[in-house]
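Q: I would like to learn how to read the features of a model. Where do we start?

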Amino acid sequence: MIISLESLLTIASIFFGASWGSFLNVVISRVPEGLSVVSPPSRCPKCGNGIKFYDNIPVLSWIILRGKCRHCKTSISIQYPIIELLGALMGLALYKEFDLSFEYFYYFVFVFGGIALAYIDLKTWLVPISIVVIMASIGLIIPLIFFIVDIPFYITLKESLLGLALGAGIISFIILFYKYVRKMDALGWGDAYVLGMIGLYIGNKGVLVSLFLATLQASIIGIGMILINKKSTVPYDDVNENDPIKNKAALPFVPFLVIAGFEYLFFGEKLINWYLNFMKSIT
Ligand SMILES: [Zn+2]
């Protein structure tokens with residue numbers, strides 16, 4: 001049997017994604033607590049037994065152990081295999097989009113870092129600045145290097161810098177407008193850092209499309225939550241009593257920004273073409 005290089009790389013990208021998905025689980029559970037992501041090695045939170053490599057195979061180990069620790073039988077959250085599966089899918093999607101290229105690894109950082117930010121914000125209402133800084137540094141340095149050596153890259157340094165300025169600028173403007181004109185808190189500074197960082201990867205056009213998609217999707221989900229009357233739970237007491245989000249269906253915005261950024265990355269051109277054709281057909 002001869003396996004083509006194509007299928008070999010496809011399989012490799014799935015495994016590569018799943019393994020980094022495994023690492024994402026560590027990032028997601030440790031970074032909000034301020035713990036190191038490298039040491040100590042993974043261990044059961046209940047009995048403290050180290051997790052051996054053969055029990056640490058993405059998705060499969062969780063299924064084989066039926067979601068329980070090998071030693072003390074404590075349940076292991078289904079979050080672990082889900083994030084690993086998501087990692088596998090994203091590894092594959094990135095390979096289909098970028099083949100084996102510099103772009104593959106560049107957008108791998110964007111996608112996996114983005115998943116970590118989205119998940120942490122959803123669970124804890126925190127935006128870890130360390131993750132944003134690492135992502136922004138890589139997001140800027142790679143287009144800069146390609147610009148210096150004068151080799152074409154998926155995103156140009158100019159688009160990248162304009163994306164940063166526009167992303168951080170628009171959200172900052174919204175925050176200040178609401179704070180001083182409407183006297184309320186709309187978005188957080190974390191949202192401004194995140195959209196600026198996203199802009200480095202998808203440029204100024206990407207920022208505008210993503211912000212539109214994020215707002216649209218957050219509105220749909222927000223209205224849905226009000227309709228089913230699901231009151232928000234804001235776990236942190238630093239959210240002050242007069243804060244409007246206390247009484248409305250509060251949603252963290254970073255997950256919407258990240259998902260919209262992914263939508264633009266994978267479907268941006270198709271979305272824009274569809275929209276232009278649609279506008280042409282109705283005029
Ligand atoms: Zn255990």
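A: Start with burial: a residue is buried if 20 or more other C-beta atoms lie within 10 Å of its own, exposed if 12 or fewer, and partly exposed in between, with C-beta atoms placed from the backbone. This is a predicted model: local features need pLDDT of at least 70, side-chain atom pairs count only at pLDDT 80 or more, and totals for chains, interfaces and linings use all residues. Residues are numbered from 1 along each chain as its sequence is written.

Q: Is Val59 buried, exposed or partly exposed?

A: Val59 has 18 other C-beta atoms within 10 Å, so it is partly exposed. Lys73 is partly exposed too, because its count is 14.

Q: Which residues does a cis peptide bond join?

A: Ser39 and Pro40, with omega about 0°. Pro40 is in the loop between α1 and α2 (60–64).

Q: How do I check a helix length?

A: The expected span is 1.5 Å times one less than the number of residues. Helix α4 (residues 102–124) has 23 residues, so it should span 33 Å; its end C-alpha atoms are 33 Å apart, which agrees. Trp125 follows α4, and its phi is positive, near 60°.

Q: How is the chain divided?

A: Domain bounds come from an automatic or database domain assignment. It gives domain 1 (1–99) and domain 2 (101–283). Their C-alpha centres lie 26 Å apart. Contact means C-beta atoms, placed from the backbone, within 7 Å. By that test, 14 residues of domain 1 touch 17 residues of domain 2. On the domain 1 side, α3 gives the most, with seven residues.

Q: What about the largest nonpolar core?

A: A nonpolar core is a set of buried Ala, Val, Leu, Ile, Met, Phe, Trp, Tyr and Cys residues joined through C-beta atoms within 7 Å. The largest has 57 residues; Ala116, Val194, Leu195 and Leu257 have the most contacts inside it. Its largest share, 14 residues, comes from α7. Leaving aside neighbours within four places in sequence, Val194 is in contact with Leu117, Val127, Val132, Val254 and Leu257.

Conventions: Helix = DSSP H or I, 4+ residues; strand = E, 2+ residues; numbered from the N terminus. Contact = placed C-beta atoms within 7 Å.
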